[in-house]
Amino acid sequence: MKDVAPDSTLTPRLAAASDDWAGLDSAQWLGAALDLVPDDVERPWAWLAPNGGPAVLGWGETARFEASGAGPVASAWRRFRDWARGHWNGADDPTAPGAQGPVALGSFPFDPSRNGFLVVPRVTLVRAAAGEPTRLIAPAGEPEPRSPGRTRQDAPRLEFTTAPGAERAWARAIDALRAVLADPERAEEKVVLARAVDARADRPLDQTGVLDWLARRFTGCWVYADDGLVGATPELLVDVHEGVFRCRILAGTRKPGWTRELLTDPKEQHEHALAVASVTAHLERAGLSEPRLRGPYLLELPNVTHLATDITARVGPGRSAADVADVLYPTAAICGTPRAEAFARIMAVEHLDRGRFSGPVGWMGADGSGQWGLALRCAQFSPGSRRARLFAGAGILPDSRAELEWDETDSKMAPMRRALAHG
Ligand SMILES: C=C(O[C@@H]1C=C(C(=O)O)C=C[C@H]1O)C(=O)O
């Protein structure tokens, strides 16, 4: 039996600002909601989908469901769903399809032997879509959150460091990978290699400022914050809503200005095709039928342009977003091809603890709907938020060049470097 705090039953109500916020776009909604985060909250919970999609902001913690090993997202979700049945004061059964019940946010490590989690915040503001009301989900009697009247701090002084010898280690790892990838006796076709940059600030960074900045500039991305992992990812692993599945697969990257090559360069095309195949190969097992593919097309972000393919499909009965995420993860966009061999190769050559970087990050409803992105373009804040680790990776193929892949990872980290200055 889980030990349940007396106030852990959640009651939904309309947020006081609901009418005022209905017409706001996603970034405006988040900006307004962030104004209500109490001053002593260091680690807000957030999920913001583009184009007026679901928006969630929370703080505190009412319940936490951890899981590792096989099927971790669904394992945590089932426990959340069962918990929700007994801790929901709303009118409807929160687990019925389409119910607007409690929301849990979470993220899972790249290495499935390590624990990930879903957390039900103590206080959650949630808007299902632009134009819809904003609900406040909180223990009964929780006072309406009010703006703490935050005083903007001076910009932090930031220092960024890369581990000594990191660039040489990167080149060596890519040489080793290229030898493996070119060897016809080996199965590996693509392996994604990642690296980190560390930031140190002269005062604690404010994650709400980082979120606000990301949401305003990366309007096509999914913005998230989960226990100190904060980012804006352009890659959607799973969206399950009313029986429809959606995802966005990325692979193949250029800086703005060099993007035409993406559509013609055989290396980029092949890299992208492998990422798409790593998803389509598992659709049936994930209970998804009648897939429709759109792509590859150019997805232009302020810092980089990607080759992108969107897939929609019909979701089989009884399949939650968590079930689908577990089957589709890890895709070749962040791991490689074939999956198991690429994962083992990453463990052998990367020499980096990815933590939750490149893992699934998102939210679940107790009814099984939810959205999961890949935790890219992010920083992991240290306890106290004076330090943050930035991560980025790149797909390596036999003809990859170490210096170009290094530059690519620099470009992928550039937004987070700027975002931290607003923390
Ligand atoms: C691994 C990252 O990005 C992934 C790798 C890409 C590539 O190699 O071209 C492109 C988009 C993402 O799927 C990252 O942002 O860190």
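**View 1. Strands S14 and S21 at the ligand.** Strand S14 (244-254) and strand S21 (387-396) each bring at least two residues to the shell around the ligand. Strands here are DSSP runs (E, at least two residues), helices are DSSP runs too (H or I, at least four), and both are numbered from the N terminus. What you're looking at is a predicted model, in which local features need pLDDT of at least 70 and side-chain atom pairs count only at pLDDT 80 or more, while totals for chains, interfaces and linings use all residues. Residue numbers start from 1 along each chain as its sequence is written. There are 16 residues around the ligand, and Thr 253, Ala 333, Leu 376, Gly 393 and Gly 395 come nearest. A residue is near a molecule if its C-beta atom, placed from the backbone, lies within 6 Å of it. By type, the shell splits into eight nonpolar, five polar and three charged residues. Nonpolar covers Ala, Val, Leu, Ile, Met, Phe, Trp, Tyr, Cys and Pro, charged covers Asp, Glu, Lys and Arg, and the others, Gly among them, are polar.

**View 2. Where domain 1 touches domain 2.** The chain is assigned a domain 1 (10-139) and a domain 2 (159-205 + 233-420), with bounds that come from an automatic or database domain assignment. Their contact takes 30 residues from domain 1 and 23 residues from domain 2; two residues are in contact if their C-beta atoms, placed from the backbone, lie within 7 Å. On the domain 1 side, helix H3 (72-86), strand S5 (103-107) and strand S6 (116-120) each supply at least two residues. H3 gives the most, with seven residues. That side of domain 1 has 22 nonpolar, six polar and two charged residues.

**View 3. Helix H3 against helix H8.** H3 and H8 (residues 321-328) pack at about 165°, their axes 7 Å apart. So H3 runs roughly antiparallel to H8, the word for angles over 145 degrees. Axes are lines fitted to C-alpha atoms, for helices over the stretch in contact, and angles run from 0 to 180 degrees between N-to-C directions. Pro 72, Val 73, Ala 74 and Trp 77 in H3 meet Ala 322, Asp 323, Ala 325 and Asp 326 in H8. Sorted by type, that contact has six nonpolar, no polar and two charged residues.

**View 4. Cis prolines in two loops.** Tyr 329 and Pro 330 are joined by a cis peptide bond, with omega about 0°. Pro 330 sits in the loop between H8 and strand S17 (336-337). Another cis peptide bond joins Thr 337 and Pro 338, with omega about -15°.

Key: Angles under 35 degrees count as roughly parallel, over 145 as roughly antiparallel, 65 to 115 as roughly perpendicular and the rest as oblique.
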